[in-house]
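Trainee: I should like to learn how to read the features of a structure, step by step. May we begin?

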Amino acid sequence: MLHILHAADLHLDAPFASLPAHKAAERRAEQRDLIGRLADLARTRGADLVLLSGDLFDSADTYAETTQALARALGQTGCPVFIAPGNHDYFTLRSPYSALHWPENVHIFRSAALEAVERPDLGCAVHGAAFTAPAREDSPLSGFAAPGDGLIHLGVLHGEVDGKGRYGPIPRADIAASGLAYLALGHVHAGSGLQWEGGTAWAYPGCPEGRGFDELGEKGGLWVTLDDGAISVEFVPLARRRYRIVEADVSRAERPEDALLAALPEDAGADILRVLLTGESGVEGLDLAPLARLLEGRCYSADLRDMTRVRRDLWSRAEEDTLTGLFLRRMRERLTAAGDGDERAALERAVRFGLAALEHGEEPMA
């Protein structure tokens with residue numbers, strides 16, 4: 001049985017440009033803490049191997065303490081670690097991977113050609129390759145087939161399954177022909193779950209920490225277990241903070257402040273939020289400053305977006321001799337005869353949707 005911790009796309013020392021400077025610096029420091037959590041997970045759960053599928057660094061311009069922290073943490077995993085540099089952290093003699101002496105348990109693939117490292121003590125061989133430039137247009141698996149030597153053959157690569165571009169495109173046929181038991185991939189920041197091509201299982205773990213609102217929700221790595229030909233994958237959360245988008249409909253409360261607090265998730269204290277203020281308000285443009293102050297201490301950071309519309313008089317055209325006027329008069333009659341508040345609210349929403357359709361306007365939020 002083999003236990004593998006698979007992670008990728010850490011993007012250490014990312015700029016976090018959307019955050020204020022002091023919080024961007026905090027986030028970079030938290031990324032270094034992520035390295036420690038990754039190593040702790042490998043050690044405490046008893047990983048046999050750690051496979052890191054590239055883009056561990058955001059660029060070649062890394063802080064010395066980040067490179068040192070990564071090397072130190074990986075040396076404490078208690079198992080062999082294999083790194084396949086990607087398009088952001090491609091291997092050259094000037095890359096961060098050449099900047100210091102790495103622990104003996106860490107193997108960095110340094111060539112664009114596949115290299116095999118046998119581990120007879122674990123009954124496996126690990127095949128990997130590196131980006132050696134910011135782009136690669138050929139498949140790193142082209143023409144490869146694992147030998148039938150009784151070992152479990154694993155792959156660790158940075159690349160793009162079904163890709164057509166410059167980031168190591170890997171056809172599914174190459175995966176199926178590889179004969180690998182498991183292919184640990186990096187580059188795609190969303191987790192793929194366990195996939196199969198022929199007899200080869202493969203997966204993207206996604207990034208372990210989101211860096212923007214295009215990387216929403218829980219992030220982490222994969223705990224992969226190979227047991228007598230059977231493979232299982234468990235997602236392991238690693239992110240300290242999540243990026244989340246929240247919608248607050250100001251039409252549903254007397255004050256925008258009330259709508260904002262009602263929409264705020266209870267577990268948002270450590271998260272980075274984008275709050276979309278929607279619905280109809282009584283003014284042209286909300287004052288966002290007091291609303292932003294209201295969120296202080298309730299989340300790590302918040303980006304407020306005013307997407308509200310000015311509240312309109314629904315019945316201003318009711319006396320017109322037009323289709324719109326006829327529609328409004330009929331709906332007003334129904335509203336007058338309506339019973340409880342829920343029925344009246346439903347009719348008012350119907351009027352808003354009807355007006356949007358008749359006037360070719362944007363439909364209100366449901």
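This is a predicted model: local features need pLDDT of at least 70, side-chain atom pairs count only at pLDDT 80 or more; totals for chains, interfaces and linings use all residues.

Trainee: How far apart are the end C-alpha atoms of helix H1?

Mentor: The expected span of a helix is 1.5 Å times one less than its number of residues. For the 25 residues of H1 (21-45) this gives 36 Å, and the end C-alpha atoms are 36 Å apart, which agrees.

Trainee: Which residues of H1 are buried?

Mentor: Buried means under 20% relative accessible area, exposed means over 50%, and partly exposed lies in between (1.4 Å probe, protein chains only). An α-helix has 3.6 residues a turn, so residues three or four places apart point the same way. Among the buried residues of H1 are Lys23, Arg27, Glu30, Leu34, Leu38 and Leu41.

Trainee: In what order do the six strands of the open sheet stand?

Mentor: Two strands pair if DSSP finds at least two bridges between them. The order is S5-S6-S7-S10-S12-S11, with mixed pairing. S5 (115-119) and S11 (195-197) stand at the edges; each has a single partner strand, so one side of each lacks a neighbour in the sheet. On average, neighbouring strands of this sheet are turned by 25° against each other, direction ignored; the axes are lines fitted to C-alpha atoms, for helices over the stretch in contact, and angles run from 0 to 180 degrees between N-to-C directions.

Trainee: How many bridges join S6 to S7?

Mentor: Five bridges join strand S6 (residues 124-128) to S7, and the two run parallel. Val126 stands opposite Leu154 in S7. Leu154 also has a bridge partner in S10, namely Tyr182. S7 pairs with strand S10 (residues 182-186) in the parallel sense, again over five bridges. As for cover, six of the seven residues of S7 (152-158) are buried.

Trainee: Which residues cover the two faces of S12?

Mentor: Thr200 and Trp202 lie on one side of S12, Ala201 and Ala203 on the other, and all are buried, so that both faces are covered. Three bridges join S10 to S12, and these strands run parallel. Ala184 stands opposite Ala203 there.

Trainee: What do S11 and S12 form?

Mentor: They form a hairpin with two residues between them, and Gly198 in the turn has a positive phi of about 60°. S11 and S12 (residues 200-203) pair in the antiparallel sense over three bridges. Trp196 stands opposite Ala201 in S12.

Trainee: Where is Ser281, and is this residue buried or exposed?

Mentor: Ser281 is placed in strand S17 (residues 280-281). Its relative accessibility is 5%, so Ser281 counts as buried. Pro96 lies 185 residues from Ser281 along the chain, and their C-alpha atoms are separated by 52 Å.

Technical notes
Residues are numbered from 1 along each chain as its sequence is written. Side-chain values use heavy atoms; hydrogens and water are left out. Helices (H or I, at least four residues) and strands (E, at least two) are DSSP runs, numbered from the N terminus.
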